[in-house]
Amino acid sequence: MPARGIVSVVERADETELHGAGLHEVGPGIFAWVQPDGTWWLNNAGAVAGDDGVLIVDTCATEARTRRFLGAVAEATGDVPIRMAVNTHQHGDHCYGNSLLPDDTVVFGHAAMREALLADPIIDGCPPMWRPVPDWGHVTRRPPSVVFTSELTVHLGGRRVDLRHPGHAAHTPGDVVAWLPGERVLFAGDLLFNGLTPLVLMGSLEGALRSLDWLAAFEPERVVPGHGPLATASELPEILAAHERYYRFVLDAARAGRENGLTPLAAAQVADLGEFAGWADAERLVLNLHRAYAEAEGGEVDLLAALGDAVTWHGGPLPTSV
Ligand SMILES: [Zn+2]
C-alpha cells in the first residue's frame, strides 16, 4: 500500500508548515480536504470512497501538502485503494501533486486542462511573484490519462460521481465539477472561492458569471469550494450572490477604465473595492481586469505582465504560506 509510506513521510514533515489543514466528512465516505486560509496555492481537495476504490478530487500544490492530504485520506478510508482521480482544473495548487498518486491511478480531466498542465511553466520553477517563492518539492507533470470535454460519469461500486464541465470557460477553459447526485455533494473547484477574491485571469469573466446559475441548478446540500470554508445549501445563495456582485464590479471597473483610457493596473488603482476589500488576495482585481479588457477588446492576456501588475498593485510579491 503506498499509503503506508505516505504516512511515515508525513510524520517527518514540518507540521507547523502544514498547520490547520483537515479532512472533513461531508457525506458517508465523502471527504473534503480543507487548507486554511485558502489564499494563494492553498486549495481544497477531496476524496470519495466506494466499495472497492477511492476517487481523489484534486491534489495539492506541493509534495509535502499532497502527502499530508493523501495520508489523511488513507487513514480515513482504511485499506481501500486509490483507483481514480479527477482534476477540477489546470492550476498547480489542484494538480501538481498528481505525480504522488499511486502509479495505477486513472486520472480524469478536461481536455483543455490536460493541454494546459503539459504547457505549464510554473511547475518547473516558480517565478518570484510570490513570497516566499513556493517550493513544490518532488513533483512532476502528471496530466490526466482520460480526458473529456462535456461530461463523464464514474461509478465507484454503488456510488455515482458525475464530472461536469459548464460548457464554456469560467475560472479556466477546462473547469470540471464533481457532483454526487445521490448524496447531493458538489465539489465546485475554483468556480467558487468562499470568502476570498475569485480569479478569472485564465478563464472568462462573462463565463464565470454564467457559471453561477449553472452551479445553483445542482441544488447541492453540501458544497466544497476550491478555496475557503465548506458551505451548506442555506449558505450557497449568498456565496453565489457575492460572486455575482464581485464579477459585476470588475465588469464595471473595466468599462470605466477603458472609457477613461486607463490600463488594467490604473483601473484597479482607482477602483474602490468596497465590500470586497476584506477578501484576501484582493490584488486579483488587477488580474481579473486584464481578463475583462481582453474579453472586451478581443485580445489575449499576457499572463506574466498581468502578474507583474498585480505585484505592483500589492506593493511587493504576493504573500503565500504554501
Ligand atoms: Zn484555480
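Arg-184 counts as partly exposed, at 28% relative accessibility. Its phi is near 55 degrees, a positive value in a residue other than glycine, and its place is the loop between strand S11 (177–180) and S12. Please keep in mind as you read on that this is a predicted model. From here we go to other backbone features, then to the zinc site, the helix packing and a few individual residues.

**Backbone features**

- Trp-41 also has a positive phi in a residue other than glycine, with a value near 75 degrees.
- Trp-41 sits in the loop between S2 and S3, and with a relative accessible area of 8% it is buried, because buried means under 20%.
- The loop between strand S2 (30–34) and strand S3 (45–49) also holds Asp-37, which a cis peptide bond joins to Pro-36, with omega about 0 degrees.
- A cis peptide bond also runs from Arg-131 to Pro-132, where omega is near -10 degrees.
- Pro-132 belongs to the loop between strand S7 (130–131) and strand S8 (146–148).

**The zinc site**

- Which residues coordinate the zinc ion? They are His-89 through NE2, His-91 through ND1, His-171 through NE2 and Asp-190 through OD, at 2.1 to 2.3 Å.
- Along the chain, the spacing of these donors reads H-x1-H-x79-H-x18-D.
- The site links distant parts of the chain: His-89 lies in the loop between strand S5 (82–86) and helix H3 (92–95), while Asp-190 lies in strand S12 (residues 185–193), 101 residues apart.
- Why is the arrangement around the zinc ion irregular? The 4 donor atoms subtend angles of 83 to 171 degrees, whereas a tetrahedral assignment needs all angles to lie between 85 and 135 degrees.
- For reference, the ideal angle for four tetrahedral donors at a metal is 109.5 degrees.
- Both His-89 and Asp-190 are buried.

**Helix H8 and its partners**

- Helix H8 (residues 284–297) and helix H9 (residues 303–314) have axes that come within 8 Å and cross at roughly 145 degrees.
- The crossing of H8 and H9 is right-handed.
- On the H8 side, the residues in contact are Val-286, Leu-287 and His-290, and they meet Ala-306, Leu-307, Asp-309, Ala-310 and Trp-313 in H9.
- Sorted by class, this contact of H8 with H9 has 6 nonpolar, 1 polar and 1 charged residues.
- H8 also packs with helix H6 (residues 236–259), at an angle of about 65 degrees and with the axes 9 Å apart.
- The crossing of H6 and H8 is right-handed.
- H6 brings Tyr-246, Phe-249, Val-250, Ala-253, Ala-254, Gly-257 and Arg-258 to this contact, and its partners in H8 include Arg-284, Leu-285, Asn-288 and Leu-289.
- The residues of the contact of H6 with H8 divide into 10 nonpolar, 2 polar and 3 charged.

**The loop between H7 and H8**

- Glu-283 is found in the loop between helix H7 (264–270) and H8.
- Is Glu-283 buried or exposed? Its relative accessible area is 3%, so Glu-283 is buried.
- Not counting residues up to four places away in sequence, Glu-283 touches Trp-40, Ala-310, Trp-313, His-314 and Leu-318.
- From Glu-283 to Ala-268 there are 15 residues in sequence and 8.5 Å in space, C-alpha to C-alpha.
- Leu-273 also has its place in the loop between H7 and H8, and it counts as buried at 12% relative accessibility.
- Leaving out residues up to four places away in sequence, Leu-273 touches Phe-249, Ala-282, Leu-285 and Trp-313.

**Leu-23 in strand S1**

- Leu-23 is part of strand S1 (residues 22–27) and is partly exposed, with a relative accessible area of 24%.
- Leu-23 touches Phe-31, Ala-32, Trp-33, Ala-72, Val-73 and Ala-76, not counting residues up to four places away in sequence.
- Leu-23 and Gln-35 are 12 residues apart along the chain, and their C-alpha atoms are separated by 9.0 Å.

Terms used:
Residues are numbered from 1 along each chain as its sequence is written. This is a predicted model: local features need pLDDT of at least 70, side-chain atom pairs count only at pLDDT 80 or more; totals for chains, interfaces and linings use all residues. Side-chain values use heavy atoms; hydrogens and water are left out. Donors are N, O and S atoms within 2.8 Å of the metal (3.2 Å for Na, K and Ca); water is not among the atoms, so sites may look incomplete. Four donors count as tetrahedral if all angles lie between 85 and 135 degrees; four count as square planar and six as octahedral if opposite donors are over 155 degrees apart and all others between 65 and 115; anything else is irregular. Helices (H or I, at least four residues) and strands (E, at least two) are DSSP runs, numbered from the N terminus. Buried means under 20% relative accessible area, exposed over 50%, partly exposed in between (1.4 Å probe, protein chains only). Axes are lines fitted to C-alpha atoms, for helices over the stretch in contact, and angles run from 0 to 180 degrees between N-to-C directions. A crossing is left-handed if the near helix is turned anticlockwise from the far one by less than a right angle, and right-handed if clockwise. Contact means heavy atoms within 4.5 Å. Ala, Val, Leu, Ile, Met, Phe, Trp, Tyr, Cys and Pro count as nonpolar, Asp, Glu, Lys and Arg as charged, and the others, Gly among them, as polar.
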